[in-house]
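Notebook open, structure loaded. I'm jotting down what I looked up, in the order I got to it.

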Amino acid sequence: AMMEMPDHSKTVMIHDTIPIDHPAFQTEAARAKFVERLTTVINFAHHIIVPSDEVRESVEKRMVGTGHRVPVIVSPLGIDMGPIPVDRVTSEKPYFVAIGTIEPRKNHALLLDIWERMNRKMDESRIPELRIIGARGWKNEEVFNRLDHSSMMGRTVFELGPLSDKEMKRQLAGATGLLFPSHAEGFGLPPFEAASFGVPTISSPLRTTEIFLGDMAIYADTDDMYQWFQAIRELASEDLATQSQRSAELRAYRLPTWEKHFDRVFDLM
């Protein structure tokens, strides 16, 4: 299909290079298909658009030795969640959401470890809820087994499955915080979507999140479960005044926009 396109019009968007940078998180079939597609892009594209410097560096590294040097343009994705839902979810207990496909890269295992620790150490009435939003993915049988059989399911941990955009927004808008312990991202939209609703994020120290959200997010190393445990407990116990101030600061924060994204894209046309 690319070979049949007119010259000088082959512009390709590559969201991430995770299948080759982190093959353990993908199936072999998915990795092989990605390698084939990336090779085609490097051979025939005139421009490549990526959402972050991290992806740009990875794509450019793959060009070394191929005899092809395709210009790679970084154009961060825009955030447009619309207004905060007036019918946001309300809950008697603080609750946290994790949004994304349930696959190894998203690191749901860490969150389940934390909630198991809470269930061992704390009275159930004091444990915040964990609400997992997203479809089940691949190579994650151990996590699926825990979701199917753990005694905390339906009590302090809830698997909500894939939700409509409307319902996802209602859940996110009412949350005490978003949990994002991902091992790798091309861009990583959920923390930015949460910020637009005034919802704080506890995130692994992902490069793009640190660049575009700075200290508006709370960072915790995925190798340090206690650090995550403490950050979650502190957010869950914040008083109303602190929560309101944090929410206002997040909503006022300038996030990447689609207008700027397409300004860069259209400059190529």
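**Helix 3 and onwards**

Helices here are DSSP runs of H or I with at least four residues, strands are E runs of at least two, and both are numbered from the N terminus. Bookkeeping: this is a predicted model, where local features need pLDDT of at least 70 and side-chain atom pairs count only at pLDDT 80 or more, while totals for chains, interfaces and linings use all residues. Residues are numbered from 1 along each chain as its sequence is written, and side-chain values use heavy atoms, with hydrogens and water left out.

Which residues of helix 3 are buried? I found Val 55, Ser 58, Val 59 and Met 63 in helix 3 (residues 53-63); buried means under 20% relative accessible area, exposed over 50%, partly exposed in between (1.4 Å probe, protein chains only). Down the axis of helix 3 they fall within an arc of 145°, so they line one face of the helix; the arc is taken from the directions from the helix axis to the C-beta atoms. They pack against helix 1 (18-21), helix 2 (28-44), strand 2 (47-50) and strand 3 (72-74), contact being heavy atoms within 4.5 Å.

**Salt bridges**

My search of the whole structure gave 17 salt bridges, each a side-chain nitrogen of Lys or Arg within 4 Å of a carboxyl oxygen of Asp or Glu. Glu 60 is partly exposed at 24%, and Arg 56 is partly exposed at 22%.

Next I checked Arg 170, which bridges to Asp 87 with the closest N and O atoms 3.3 Å apart. Arg 170 is in helix 6 (residues 165-173) and Asp 87 in the loop between strand 3 and strand 4, so the pair ties together parts that are 83 residues apart in sequence. Arg 170 also forms a salt bridge with Glu 167, at 2.8 Å between the closest N and O atoms. Shared partners join Asp 53, Arg 56, Glu 57, Glu 60 and Arg 207 into one network.

I traced an open sheet of six strands, order 6-5-4-7-8-9, with parallel pairing; two strands pair if DSSP finds at least two bridges between them. Strand 6 (157-161) and strand 9 (218-219) are at the edges with a single partner strand each, so one side of each has no neighbour in the sheet.
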